Amino acid sequence: MSRVYNFSAGPAALPEEVLKEAAAEMLDYEGTGMSVMEMSHRSKTYDKIIKDAEQDLRDLMGIPDNYKVLFLQGGAHLQFAMVPMNFMKKGTADYIVTGSWAKKAWKEAAKYGKANCIASSEDRNFNYIPDCSDLPVSEDADYVYICQNNTIYGTQFHTLPNTKGKTLVSDVSSCFLAEPIDVEKYGMIYGGVQKNVGPAGVVIAIIREDLITEEVYPGTPTMLQYKTHADSASLYNTPPAYGIYICGKVFKWLKKMGGLEAMKERNEKKAALLYGYLDGSGLFRPTVTDRASRSYMNVDFVTGDKELDAEFVKAAEAAGFSGLKGHRSVGGMRASIYNAVTVEAVEALVQFMKNFEKTHIANGEKSCP
């Protein structure tokens, strides 16, 4: 069977080149006679794998020396607790709630201190990014928190909020390495890698060193303290070794592709193809009408008829387009067009949608309102 066009929101598409390399090394990694899956994380061979992965990530993002790079576990959900446990020094933090994940993070933070929601887009089912140029940032806030790309709802911060000097913490799970960013504008960046970087099971956290201290929420377990992992170079316990190995291969692939500037150009081209079609379609429409809020990674769209949406998803699956069913919070369809999704895949999807639209409008189907 040939490979499908994978538009899944996560776990998501990985570069085919990376998968082939990993397959070739499955039984024997560089003459060791074993797979990376079987290898001690304390071995010299694995030590080079994880150190090379960190250095390649530093090169790609331009990470300054005063930031630690940590390879963690537990998914982004665990970071919802780890962030306030480690950073709520004065007991207060501000949250900008633009989707389910930011809302969950805000609710979780309230267990460890005062968590203020200083802006929200829930009034319109999270289909836009609120104006964050002049927010009521709390004077005693330890940090301001955002989820930079909202996988479910298809929105994205294209301009960072004005935190008025407060530390910015950002969940970048679904836009990680999609474009260049200025790391120094953040106190912490973290993301689960399963959407845009690697296989499920790894979380990468990039944290400014001065934020990593022994002063944490009382009773915080050793494993949930960033200092534990920073002091041991992500090897305090057995890390998700194979997942980190794949991430390292993706970093090298990104370098080969031209780095994050090249990724940004490619991702903008894919998004323009898909949104361009949707904005002119007589059958489909994007759910995010505020163009300044649209995600370049996750494109949500509907026909306006749930039965027709279901018919489209079924037909698309049969034609080799996988992962297009939308999240239950929005319905309809969602195409996740992460780094590893090719321009050709998006072109094929758009052509399939055009054919589907032509057939159904010819049959007298009602066009999308």
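Q: Buried means under 20% relative accessible area, exposed over 50%, and partly exposed in between (1.4 Å probe, protein chains only); are Phe284 and Phe312 buried or exposed?

A: Phe284 and Phe312 are both buried. This is a predicted model, in which local features need pLDDT of at least 70 and side-chain atom pairs 80 or more, while totals for chains, interfaces and linings use all residues. Residues are numbered from 1 along each chain as its sequence is written, and side-chain values use heavy atoms, without hydrogens and water.

Q: How many aromatic pairs are there?

A: Rings of Phe, Tyr and Trp (its six-membered ring) pair if their centres lie within 6.5 Å; planes under 30 degrees apart are stacked, over 60 edge-to-face, the rest tilted. The count is 19 aromatic pairs. Phe7 and Phe321 have centres 6.5 Å apart and planes at 25 degrees, so this pair is stacked. Phe7 lies in the loop between β1 (5-6) and α1 (16-24), and Phe321, 314 residues away, in strand β13 (residues 321-322). Both Phe7 and Phe321 are buried. Phe284 and Phe312 are edge-to-face, at 5.1 Å and 70 degrees.

Q: Which residues do ring pairs link into a cluster?

A: The cluster includes Tyr5, Tyr277, Phe301, Phe352 and Phe356, besides Phe7, Phe284, Phe312 and Phe321.

Q: What is the strand order in the open sheet?

A: Helices (H or I, at least four residues) and strands (E, at least two) are DSSP runs, numbered from the N terminus; strands pair if DSSP finds at least two bridges between them. The 7 strands run β2-β10-β9-β8-β5-β3-β4, with mixed pairing. β2 (67-72) and β4 (114-120) each have a single partner strand, so one side of each edge strand lacks a neighbour in the sheet.
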